[in-house]
Amino acid sequence: MPASTSARGLSRRGLLAAGGATLATLLVGCGQDGKPGSTSAKGSTGPWSFTDDRNQKIELASTPTRVVAFTGVAAALVDFGLDSQLVGVFGETTRSDGSVDPQAGGLDVDRVTVLGNVWGEFNVEKYAGLRPELLVTHMYDPGALWYVPDESRDKILALAPSATVTTARVPMTRPVERYAELARSLGADLSAKKVTDAKARFEAAAESVRQAVRANPGIRVLAASGSPDLFYVSNPKVSTDLMYFAELGVDIVVPNKLATGDYFESLSWENAGKFPADLILLDNRSTALQPKDLAAKPTWQQLPAVRANQVTPWDAVPRFSYAGAAPLLENLATAIRSAKRVG
């Protein structure tokens with residue numbers, strides 16, 4: 001979505017998503033040439049640099065030890081081996097009942113300061129008090145910092161350098177690798193068993209999707225999000241996870257009347273059946289309606305995939321790490337393998 005104030009509400013509901021180098025390449029291919037992907041770090045001492053996906057090179061006298069990040073980013077960095085470097089987060093972290101939001105993954109939410117728990121919340125005073133040395137978040141559109149409010153953006157960015165990773169219009173493996181590279185530059189050991197085991201699981205899960213598609217061909221998949229008034233159909237040519245699913249052979253519905261940003265097509269509930277599908281991936285975020293909420297909508301109940309009970313949860317803003325992405329692929333493979341053609 002555009003970073004403008006007028007697009008914020010659209011982004012909140014409409015951003016539904018929302019291969020590259022191998023792990024070995026990430027470990028040895030980092031340089032200081034100022035190109036996207038280049039980093040330099042020597043443990044916790046000495047000069048540090050990282051060139052983010054805005055092609056902005058951040059250069060500091062030493063490796064940052066006080067990092068604030070969007071919750072999903074922090075969780076991905078934890079998956080790659082960071083811990084004490086993370087001091088604050090913003091974005092959905094805990095739910096109203098006190099439970100940890102899935103976006104937080106394995107992050108110890110009691111150890112970090114939560115600067116905002118919903119879209120539009122970011123406590124600038126608390127942020128300043130954390131003495132941040134680096135802010136990290138997704139970038140779905142050029143220059144747009146995910147969950148950094150427009151109205152306080154300038155104040156926030158004045159307090160510490162910021163780094164972004166592109167999370168749209170590229171396959172999901174790209175942001176996973178970029179966050180791995182950032183974690184490595186901040187001191188994470190990508191050769192640790194925790195990381196290599198997660199990568200092996202991810203690769204096995206990707207292969208399981210390929211095998212499921214071959215074993216059960218012709219299953220048409222639709223990725224969507226529900227709101228009280230509209231049914232959003234996500235675009236696999238923009239949403240990074242869906243793009244990767246398509247690379248693995250999954251037949252994903254491509255909407256043809258796209259809204260601003262090309263992330264989705266918004267349908268009235270009367271037209272929710274526009275795209276035939278055998279399997280629906282349904283946005284499972286707290287900001288989207290879930291099957292129990294949609295039960296009262298007749299057109300939802302009439303969808304062939306719904307009648308066949310072929311609806312599976314979808315992490316529309318995935319955790320970009322091997323540990324975070326592997327379960328998504330495993331669940332997708334299971335759903336495809338068990339689906340029947342009904343659309």
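**Buried rings and an enclosed helix**

Reader: Is Tyr 322 buried or exposed, and at what relative accessibility?
Author: This is a predicted model, in which local features need pLDDT of at least 70 and side-chain atom pairs count only at pLDDT 80 or more, while totals for chains, interfaces and linings use all residues. Residues are numbered from 1 along each chain as its sequence is written, and side-chain values use heavy atoms, leaving out hydrogens and water. Buried means under 20% relative accessible area, exposed over 50% and partly exposed in between, with a 1.4 Å probe and protein chains only. Tyr 322 counts as buried, its relative accessibility being 4%.

Reader: How many aromatic pairs does the structure hold?
Author: Rings of Phe, Tyr and Trp (its six-membered ring) pair if their centres lie within 6.5 Å, and planes under 30 degrees apart count as stacked, over 60 as edge-to-face and the rest as tilted. The number of such pairs in the structure is 17.

Reader: What is the angle between the planes of Phe 80 and Tyr 322, and how far apart in sequence are the parts that this pair ties together?
Author: The pair is edge-to-face, with 5.9 Å between centres and planes at 85 degrees. Helices (H or I, at least four residues) and strands (E, at least two) are DSSP runs, numbered from the N terminus. Phe 80 lies in the loop between helix H3 and strand E5, whereas Tyr 322 lies in helix H12, so the separation of the tied parts in residues is 242.

Reader: Which helix is largely enclosed by the rest of the structure?
Author: Its buried residues are Thr 240, Asp 241, Leu 242, Met 243, Tyr 244 and Phe 245. Because 6 of its 8 residues are buried, the enclosed helix is H8.
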